[in-house]
Amino acid sequence: MSGSNELSRRDFIKVTTGIVGGLIGAVIGLPAVYYLIDPALREGGKDAWIPIGKFDDMQIGVPYPFSFTRVQVNGWERTASSFGGYAVRKSDSPDDLLVLNSRCTHLACTVNWSAEADGFLCPCHDAKFDIAGEVVDGPPPRALDVYEEHRITEDGIVEIFFKEG
Amino acid sequence: MWKNIYLWLDERLGFDSLYANLLDRPEPKTTWWNTLGSASMFLFILQGLTGIFLTVYYTPSPDHAYDSIQYIMEGVAFGWLIRGIHHWGATLMVILVFIHMLRVFFTASFKFPRELTWLIGIGLFLATLGMGFTGYLLPWNQKAYWATTVGTQIAGTVPFLGEFTLKVLRGGPELSALTLQRFFAAHIWIIPAVLAALMGLHLYLIIKHGESHSPTKED
Ligand code: HEM
Ligand code: FES
């Protein structure tokens with residue numbers, strides 16, 4: 001029976017053990033790798049169009065304040081962040097819309113529009129920006145940030161495109 | 001070439017004699033009951049691996065423990081599988097270790113020269129139960145919370161030392177964040193280290209003495 005072509009009982013056990021072991025390893029190992037790298041495979045999915053107000057409510061020359069909150073979910077933890085800004089219409093044309101971020105470019109306090117001062121004032125270190133967002137006075141290194149991408153929907157709602165980060 | 005590499009390594013590491021001593025040792029006529037210790041050891045390794053994977057997402061804090069497990073079950077690919085194996089493996093391990101102990105008892109294998117193997121085995125059994133007890137709290141759900149409240153209370157009924165023991169187990173008079181954290185430390189570091197050390201001794205003794213013969217009619 002133990003011709004050279006026959007598998008010995010010993011070798012049979014070795015081979016079977018190897019195959020079964022390999023199968024068990026693969027069945028558990030592959031899902032385990034997927035389990036580890038899963039968060040890296042997730043799309044951010046955080047970019048979104050966000051409505052900020054009716055176009056008709058925005059008066060020419062009067063900054064229109066808006067604010068919104070974004071919730072970020074990281075696994076089992078959620079972080080809510082607030083954002084705000086001002087929509088500034090310069091003329092009748094719907095294209096002539098400037099959407100400013102109200103986060104001060106100095107140390108990120110929130111600036112407020114003051115009709116009296118005819119500018120955005122920052123409460124933290126007395127900075128002043130003009131209606132176009134340019135620095136007039138104070139420590140900020142650059143003009144207010146602008147939400148470049150915005151659109152007006154069919155219902156006349158202004159929306160801005162929000163990118164995370 | 002492979003043969004030469006093998007020989008070179010074998011000269012320095014001595015696989016061949018390791019193999020002969022560990023896997024090719026003489027065995028008396030045995031039955032499937034004699035495989036339960038190895039099965040327990042396999043489960044211990046499986047629990048270790050799946051446990052390590054679970055700690056990648058699990059958070060031992062009262063604020064997040066429950067949510068992080070929810071996330072493992074629903075948010076991560078194959079999280080249900082890893083947790084499922086760990087969960088059922090834990091129950092199976094306690095059962096297997098217990099049956100292994102019964103087998104050793106019924107074949108009277110605990111007698112000379114294997115008394116120490118048996119004593120170390122008792123330590124292994126207790127440590128395995130300890131793994132179950134500490135692991136049960138970690139999901140931090142109602143069942144876990146009350147099971148641990150009652151379990152630690154039982155320790156508290158011991159005369160004289162009871163109250164102190166209860167405080168040591170809970171990290172204070174009440175179940176709290178401290179309890180969860182120390183149960184976690186015990187579950188992933190302290191008890192596994194004890195188990196691994198005891199298993200090493202256990203195996204050393206088994207290899208030294210060899211497997212006992214099954215009792216015959218004459219015994
Ligand atoms: C984590 C738990 C344990 C592991 C991993 C383990 C592992 C092993 C292994 C691999 C063997 C070789 C033979 C066999 O499988 O039957 C063995 C034998 C033995 N075990 Fe365990 N064991 C554990 C728990 C226990 C417990 C709870 C006891 C008893 C209190 C015990 C007492 C013994 C004794 C006396 C032998 C020698 C049996 C003989 O030579 O026939 N073990 N153990
Ligand atoms: S943060 Fe606005 S001026 Fe400093």
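Here are some questions and answers about the model.

Author: This is a predicted model, where local features need pLDDT of at least 70, side-chain atom pairs count only at pLDDT 80 or more, and totals for chains, interfaces and linings use all residues. Residues are numbered from 1 along each chain as its sequence is written, chains are lettered from A and ligands numbered from 1 in the order in which they are written, and side-chain values use heavy atoms, with hydrogens and water left out.

Reader: Which protein atoms are the donors of the iron atom of ligand 1?

Author: Donors are N, O and S atoms within 2.8 Å of the metal (3.2 Å for Na, K and Ca); water is not among the atoms, so sites may look incomplete. The protein donors here lie 2.0 to 2.1 Å from the iron atom. They link distant parts of the chain, helix α5 and helix α9 of chain B, 102 residues apart; helices (H or I, at least four residues) and strands (E, at least two) are DSSP runs, numbered from the N terminus. The atoms are B:His100 (NE2) and B:His202 (NE2).

Reader: What is the arrangement of the 6 donor atoms around the iron atom?

Author: Six donors count as octahedral if opposite donors are over 155 degrees apart and all others between 65 and 115. Ideal angles for six octahedral donors are 90 or 180 degrees. Around the iron atom of ligand 1 the angles run from 85 to 179°, which makes the arrangement octahedral.

Reader: Which element supplies the largest share of the shell around ligand 1?

Author: The shell has 26 residues, each with a heavy atom within 4 Å of the ligand. The largest share, 7 residues, comes from α6(B).

Reader: How far is an oxygen atom of ligand 1 from the side chain of B:Ser109?

Author: A polar contact is a pair of N or O atoms within 3.5 Å. A nitrogen atom of ligand 1 is 2.7 Å from a side-chain N or O atom of B:His202. For the oxygen atom and an N or O atom in the side chain of B:Ser109, the distance is 3.4 Å.

Reader: Which peptide bond is cis?

Author: Most peptide bonds are trans. In chain B, the loop between α5 and α6 holds B:Pro113. With omega near 0°, the cis bond runs from B:Phe112 to B:Pro113.

Reader: Where does A:Asp126 lie?

Author: Most residues other than glycine have a negative phi. A:Asp126 has a positive one, near 55°. In chain A, this residue lies in the loop between β6 and β7.

Key:
A polar contact is a pair of N or O atoms within 3.5 Å; within protein, one must be able to donate a hydrogen and the other to accept it, and residues adjacent in sequence count only if both atoms are side-chain atoms. Four donors count as tetrahedral if all angles lie between 85 and 135 degrees; four count as square planar and six as octahedral if opposite donors are over 155 degrees apart and all others between 65 and 115; anything else is irregular.
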